[in-house]
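Please find my notes on this model below, as numbered points.

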Amino acid sequence: MKASERFLKYVTVRTPSDENSSTVPSSACQFDLAHLLVEEMKSIGIEDAAVDDQCYVYGHIPATPGYESATSIGFIAHMDTVSDFCDHDIVPVVHENYDGKELALGTSGLTLTPEMFPHLPTLAGRTLITSDGTTVLGADDKAGIAEILTAVEDLSDIPHGPISIAFTPDEEIGMGASHFDVAKFGAKYGYTLDGDTEGEIQYETFNAAQAKVTFHGTNVHPGSAKDIMVNAALVAMEFDALLPAADRPERTEDYEGFFHLTHMEGTVSDASLTYIIRDHDAHIFDQRQQTMRHAVKFLNERYGEGTVELDIRIQYRNMAEIIEKCPVTIENARKACKAAGVPELILPVRGGTDGAMLSFMGLPCPNLGTGGHAYHGPYEHITVEGMEQAVKVVRELIRTFAEEK
């Protein structure tokens, strides 16, 4: 079965994770895809495929006889999607022989344009897959799942060492590796397939934290409020204004970090802001946290102690700290791209991946591209050809590690 055929099946199973949930997984619907994947894995010969009670899917492919001593490697993708634009059925739309120009997304009123996405002309002549414009597509990361299973479906022509497979829940809310069993997975090195353009090789992620800022006001009648009222909503606005306006996602690129306001609510009495803090540089990352602490100190001195409270939770660290000690993971990925005829793109990840946490858990785990673009929104798209190239890279990576036994 082709990767695109699997993909079109997987995306119709809605799996949004829920950051407000306290359960594991955060949404029961992720089990629907997990059980489907276990059955499919067994059908292609992965006999020990199973899903545990926390919705982690594991399976193993024994080494080709004579290659038992080859380096054991594994491949990982996540089953969940973001919750935004995922509140009703997902309808994938296939556009054959795409011309690289403007493309209306169903009757949603949205249009893919080269002005918004300059890479679109490079996809001319390919078969493009989008949603109908009212939901995410789910290429992040169901494309990775489809590519992994397609790559390992028939390895009769590739001598190989031990191979591990895992599919995780809750990656989109930063919890994908939280209950991952590294020992059960059993590989020396792992690769997540959770990137964008085919040929991407990524081993540098942000250092990441979430900051929740709570504001407590004093609410009295506005007619007698002078020198008494403290409007929590306005204090929240003042806090945000103390952060550097140039350091926002929409104004940064490459290795530049940011503060990103993801949620806000407020009244005169109470308000809250939620941010994610990101930076590749550990020192600057620490400075960003200190900037927030200083803003809290300033506002509490101005409005009274306890007016503003800050809770910062570290989410993950830059996995380059680990991967740079395991250069073979990058060298072999580059060899695999070359053997597959796919141009390599070594880029920093402007985001997170399960591999960041897994690398610090003892499983060095770079990230590979899947061929998708514009994740986390209704403009998400991927090409059949890009997925096929990603499959070739995985197969060549398996071959490369086996040849070094």
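1. Thr 214 stands opposite Ser 272 in β13. Strands β11 (residues 207-216) and β13 (residues 270-279) pair in the antiparallel sense over 10 bridges. Pairing here requires that DSSP finds at least two bridges between two strands. Helices (H or I, at least four residues) and strands (E, at least two) are DSSP runs, numbered from the N terminus.

2. This is a predicted model: local features need pLDDT of at least 70, side-chain atom pairs count only at pLDDT 80 or more, and totals for chains, interfaces and linings use all residues. Residues are numbered from 1 along each chain as its sequence is written, and side-chain values use heavy atoms, with hydrogens and water left out.

3. The open sheet has 4 strands in the order β12-β13-β11-β14, with antiparallel pairing. Its edge strands, β12 (258-266) and β14 (308-316), each pair on one side only.

4. Helix α2 (residues 30-43) has 14 residues and should span 20 Å at 1.5 Å a residue. The expected span is 1.5 Å times one less than the number of residues. The end C-alpha atoms of α2 are 20 Å apart, which agrees. Just after α2, Gly 45 takes a positive phi of about 100 degrees.
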